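Subject: Structure handover

Hello,

Here is the structure you asked about. My notes on what turned up in it follow below.

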Amino acid sequence: MKKIDMDSWNRKELFEFFSKMSHPFYSVAFTVDVTKLYEYVKRRGLSFYYALVYLCTEAVNDTEAFLYVLREGEVYRIDRREPSFTDLKPGSEQFYIVTMSAGNTLEDFCRAAKKKSGGQICFIDAEEETDDLIYFSCLPWVEMTALTNERDFCADDSIPRIAWGKYREENGRKKLQMSMELNHRFTDGVHVGRFYEALCERIEKLGRADRLL
């Protein structure tokens, strides 16, 4: 973690501008082609949901703007963010929140997430909820177009919120709508674009790995 020198920070002017607003948050939704991800996980018996959580986590960490936090009035750049995601046990209508490290590989994360989620008996472990997370939600029953999250109002909240719904079939491709809710004090549209590019590149790498089999 590194403390930011505000006088030399190239984002100081934007940070101060959006800090004057009572609600500096914004949402954006976009389409992601997940065809190659779907094919990759199905061949390996992995969870599509956990795999996408992992890839989004890595794409966030590929994009430096998502790594800034505000603590006691000071801005810091943290080393990385980890996932905190909703999940649902078979036959249940009550979701719960799983928080854990993404680890080093997609396969390891999918297996570890399945094990931790399956063994969790509480709604949430409050001790694991910190400001270096990414909040994930999923509505697999509907083709979601956008989503906003509940929150205790705090303009210092820098935690990215990412959600998606049911993928749709379109000309032989599988596509889903992804929604992000962010704090404009730290991120702009260009950073959403870089996240999107990083996510798509990671999905493409899975496709290239599949072709080598």
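**Lys174 and its surroundings**

Leaving aside neighbours within four places in sequence, Lys174 is in contact with Val32, Asp33, Val34, Thr35, Tyr38, Tyr167, Arg168 and Glu169. Please keep in mind throughout that this is a predicted model. Lys174 belongs to strand β10, which covers residues 173–183. Is Lys174 buried or exposed? Lys174 counts as buried because its relative accessibility is 14%, and the limit for buried is under 20%.

One of the contacts of Lys174 is Arg168, and Arg168 also takes part in a salt bridge, its side chain meeting that of Glu170 at 3.0 Å, N to O. Both members of that pair are partly exposed: Arg168 has a relative accessible area of 22%, and Glu170 has one of 30%.

**Other salt bridges**

How many salt bridges does the structure hold? There are 16. Besides the pair above, these are the ones I looked at.

- Glu64 and Arg77: the side chains meet at 3.3 Å, N to O.
- Asp157 and Arg161: the side chains meet at 2.9 Å, N to O. Here Asp157 counts as buried, with 13% relative accessibility, and Arg161 is buried too, with a relative accessible area of 6%.
- Glu58, Arg80 and Glu82: salt bridges link these three residues in a network.

**The sheet around β4**

Arg77 comes up again in the strand pairing, where Lys2 stands opposite Arg77 in β4. Strands β1 and β4 run antiparallel and are joined by two bridges. They are part of an open sheet of three strands, in the order β1-β4-β3, with antiparallel pairing. Which strands stand at the edges of the sheet? They are β1 (2–3) and β3; each has a single partner strand, so one side of each is left without a neighbour in the sheet.

Thr86 lies in strand β5, which spans residues 82–87. Thr86 is buried because its relative accessible area is 15%, with the cut-off for buried at under 20%. Not counting residues up to four places away in sequence, Thr86 touches Tyr49, Phe95, Tyr96, Ile97, Phe136, Ser137 and Cys138.

Thr86 is among the residues nearest the centre of the largest pocket, together with Tyr49, Asp87, Leu88 and Pro140. That pocket has a volume of about 570 Å³ and a lining of 20 residues. By class, the lining of the largest pocket divides into 12 nonpolar, five polar and three charged residues. At least two residues of it come from each of α3, β5, α4 (106–119) and β7 (133–139).

Which residues lie nearest the centre of the second largest pocket? They are Thr86, Ile97, Ser137, Asn149 and Glu150, out of a lining of 15 residues. Of these, Ile97 and Ser137 are also among the residues that Thr86 touches. The volume of the second largest pocket is about 280 Å³. Its lining has seven nonpolar, five polar and three charged residues, and β5 and β7 each supply at least two residues.

**The cavity**

The structure holds one cavity of 30 Å³ or more. About 60 Å³ of space lies in the largest cavity. Its lining is made up of Ala65, Phe66, Tyr68, Arg81, Ser158, Ile159, Pro160, Glu181, Leu182, Asn183, Phe186 and Thr187. These residues divide into seven nonpolar, three polar and two charged. Which element gives the most to the lining of the largest cavity? That is β10, with three residues; Lys174 lies in this strand as well.

Regards

Technical notes
Residues are numbered from 1 along each chain as its sequence is written. This is a predicted model: local features need pLDDT of at least 70, side-chain atom pairs count only at pLDDT 80 or more; totals for chains, interfaces and linings use all residues. Side-chain values use heavy atoms; hydrogens and water are left out. Helices (H or I, at least four residues) and strands (E, at least two) are DSSP runs, numbered from the N terminus. Buried means under 20% relative accessible area, exposed over 50%, partly exposed in between (1.4 Å probe, protein chains only). Contact means heavy atoms within 4.5 Å. A salt bridge is a side-chain nitrogen of Lys or Arg within 4 Å of a carboxyl oxygen of Asp or Glu. Two strands pair if DSSP finds at least two bridges between them. On a 1 Å grid over the protein atoms alone, a cavity is a set of points where a 1.4 Å probe fits but cannot get out, and a pocket is an open set with protein on both sides within 12 Å along at least five of seven lines; lining residues have an atom within 4 Å of a point. Grid points are joined across faces, edges and corners, and a volume is the space filled by probe spheres set on the points. Ala, Val, Leu, Ile, Met, Phe, Trp, Tyr, Cys and Pro count as nonpolar, Asp, Glu, Lys and Arg as charged, and the others, Gly among them, as polar.
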